[in-house]
Amino acid sequence: MPGPADLRALPSVDQLLKAHAVQPVLDQHGRAIVTQELRLVLGEIRDAVRAGGALPDTAGIVASLLSRLSYQDRSKLRPLFNLTGTVLHTNLGRALLAEEAIAAAVDAMREAAALEFDLDTGKRGERDSHLREILCELTGAEDATIVNNNAAAVLIALNAIGAGRQAIVSRGELIEIGGAFRMPDIMERAGVGLVEVGTTNRTHARDYIKAITPETALILKVHTSNYRIEGFTAEVAGADLAAIASQAGVVLLNDLGSGTLVDLSRYGLTKEPTVREAVAEGADLVTFSGDKLLGGPQAGFIVGRKDLIAEINRNPMKRALRVDKIRIAAMLATLKLYRDPDRLGARLPTLRLLSRPQADIRAQAERLAPEISALLAPNGYTVETTACSSQIGSGALPVDTIPSAGLRITAPNGTALEALASLFRALPRPILGRLQDGALVLDLRCLTDEAAFMQSLKQGATHAPA
Ligand SMILES: *Cc1c(COP(=O)(O)O)cnc(C)c1O
């Protein structure tokens with residue numbers, strides 16, 4: 001019987017760092033990290049050899065080193081296939097940017113730009129100036145400002161206009177939008193007293209009118225983004241609220257949430273209130289997100305009356321919530337696409353994906369199903385095409401779904417199905433579907449790079465749990 005391998009034959013870290021096979025690894029990763037990882041690899045080998053394992057040769061050691069380094073190199077933020085059926089998935093980063101926006105962001109990253117510098121006068125300029133004009137043009141508002149996201153927009157608007165005073169909100173609109181964004185908490189942090197009016201399902205004009213006192217700074221209208229109250233309901237129309245607010249000399253702030261700049265029915269979707277409509281109805285301020293239906297990078301907009309926007313811009317929070325040049329560049333490029341509504345549906349990924357016809361997606365599913373079935377069938381999985389329903393996501397049209405199509409994968413048992421879902425998540429380019437009714441459903445609405453998807457699946461299938 002052979003004795004345990006001789007550990008003295010194991011090369012040292014210094015010897016390995018000089019080895020020919022390690023030079024390309026050093027070039028790619030640098031000396032510090034390679035030295036550190038080699039120590040760990042050698043430690044593992046020593047343990048394995050003491051436990052009776054064989055001594056690997058240099059090629060084997062380099063292979064272990066490379067596998068550690070490639071695992072570490074892998075970012076959790078790497079691109080993935082969003083086949084969940086939720087197009088604007090908050091946990092997956094919401095809107096995908098248009099090529100024009102990506103190019104503008106890349107330029108802004110690489111070079112200096114006149115972010116707060118006026119090229120005409122040679123004097124200090126304003127960060128918001130780049131977006132103000134086009135925002136006013138697209139919304140009909142007098143003035144506009146931009147902050148980190150819509151939660152920030154609501155927070156700073158409330159604080160700037162209402163700190164130390166009160167805001168009136170309908171009980172039907174005291175929303176929570178995932179995580180920590182609850183309207184009552186935001187108001188508290190903004191230093192604004194909350195005055196609730198009406199009931200959960202019905203709020204009338206007289207409820208607002210009765211609640212107005214000298215302490216009232218504003219009326220807040222909130223788009224009920226992620227739920228809908230149905231049945232015996234009443235809410236006060238924006239135009240009526242605007243009349244009430246203006247009569248009382250208080251500000252009407254309309255938090256639209258997703259907010260869209262176009263009539264979505266033009267793209268085959270259900271109409272959502274547009275920012276232009278909210279402004280035209282008479283809201284003094286309107287807040288909305290940049291990365292929901294608008295389809296740009298994360299941002300929050302406040303548009304409306306010039307004097308109020310000036311007040312918001314003077315608020316010290318503005319500096320804390322400001323947006324960097326990369327996002328401003330990407331946002332400007334995104335907004336410019338709205339100047340050409342005829343081509344918007346093709347150029348803006350959010351609209352392109354949301355308006356993709358079901359027949360098109362079904363054809364894709366039928367085209368891919370046989371090959372995917374051949375890959376997964378040996379391990380006992382069944383793949384069939386299926387109709388399914390996509391959602392817009394991010395609190396736009398919460399109850400509406402869009403007819404879609406995809407693949408329905410079933411397994412001999414629940415453990416095997418979970419195992420497949422987890423294998424898909426661990427791929428170099430993860431595939432995320434939706435576990436539903438004992439199947440893993442891949443909604444193909446957002447699948448654009450078919451070749452990369454098939455390549456990912458093949459990688460997965462070779463490791464598929466039996
Ligand atoms: C989404 C949403 C917000 C928060 O916007 P973020 O851009 O996620 O910060 C606030 N209000 C409403 C009504 C929303 O739908």
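**Reading a predicted model: questions on burial and packing**

Mentor: In this predicted model, valine 192 touches Leu158, Gly162, Ala163, Arg165, Gln166, Ala167 and Met187, leaving aside residues up to four places away in sequence.

Trainee: Where is the place of valine 192 in the chain?

Mentor: Valine 192 sits in the loop between helix H8 (183-189) and strand E4 (193-197).

Trainee: Why is valine 192 called buried?

Mentor: Its relative accessible area is 5%, and buried means under 20%. The value of 5% falls under that cut-off, so valine 192 counts as buried.

Trainee: How far apart are valine 192 and arginine 408, in sequence and in space?

Mentor: They are 216 residues apart in sequence, and their C-alpha atoms are 50 Å apart in space.

Trainee: What makes lysine 292 buried or exposed?

Mentor: The relative accessibility of lysine 292 is 6%. Buried means under 20% and exposed means over 50%, so at 6% lysine 292 is buried.

Trainee: Where is lysine 292 found, and which residues does lysine 292 touch?

Mentor: Lysine 292 lies in the loop between E7 and E8. Not counting residues up to four places away in sequence, it touches Leu88, Arg94, Ala95, Gly257, Ser258, Thr350 and Ser394.

Trainee: What does the UniProt annotation that covers Lys292 say?

Mentor: The UniProt record, an unreviewed entry, gives "modified residue: N6-(pyridoxal phosphate)lysine" for Lys292.

Trainee: Which residues of helix H6 are buried, and what covers them?

Mentor: In H6 (residues 129-139), the buried residues are Leu131, Arg132, Ile134, Leu135, Cys136, Leu138 and Thr139. Their cover includes strands E2 (143-147), E7 (285-289) and E8 (300-304), together with helices H11 (275-280) and H14 (325-337).

Trainee: What follows H6?

Mentor: Glycine 140 follows H6, and its phi is positive, near 75°.

Trainee: Why are H17 and H19 called roughly parallel?

Mentor: The axes of H17 (residues 358-376) and H19 (residues 450-461) come within 10 Å and cross at roughly 20°. Angles under 35 degrees count as roughly parallel, so this pair is roughly parallel.

Trainee: What is the handedness of the crossing as H17 passes H19?

Mentor: The crossing is right-handed.

Trainee: Which residues meet where H17 and H19 are in contact?

Mentor: From H17 come Gln364, Arg367, Leu368, Glu371, Ile372, Leu375 and Leu376, and they meet Glu450, Phe453, Met454, Leu457, Lys458 and Ala461 of H19. The residues of this contact divide into 8 nonpolar, 1 polar and 4 charged.

Terms used:
Residues are numbered from 1 along each chain as its sequence is written. This is a predicted model: local features need pLDDT of at least 70, side-chain atom pairs count only at pLDDT 80 or more; totals for chains, interfaces and linings use all residues. Side-chain values use heavy atoms; hydrogens and water are left out. Axes are lines fitted to C-alpha atoms, for helices over the stretch in contact, and angles run from 0 to 180 degrees between N-to-C directions. Helices (H or I, at least four residues) and strands (E, at least two) are DSSP runs, numbered from the N terminus. Angles under 35 degrees count as roughly parallel, over 145 as roughly antiparallel, 65 to 115 as roughly perpendicular and the rest as oblique. A crossing is left-handed if the near helix is turned anticlockwise from the far one by less than a right angle, and right-handed if clockwise. Contact means heavy atoms within 4.5 Å. Ala, Val, Leu, Ile, Met, Phe, Trp, Tyr, Cys and Pro count as nonpolar, Asp, Glu, Lys and Arg as charged, and the others, Gly among them, as polar. Buried means under 20% relative accessible area, exposed over 50%, partly exposed in between (1.4 Å probe, protein chains only). UniProt positions are given in the numbering used here, feature names are shortened, and annotations may be inferred rather than shown by experiment.
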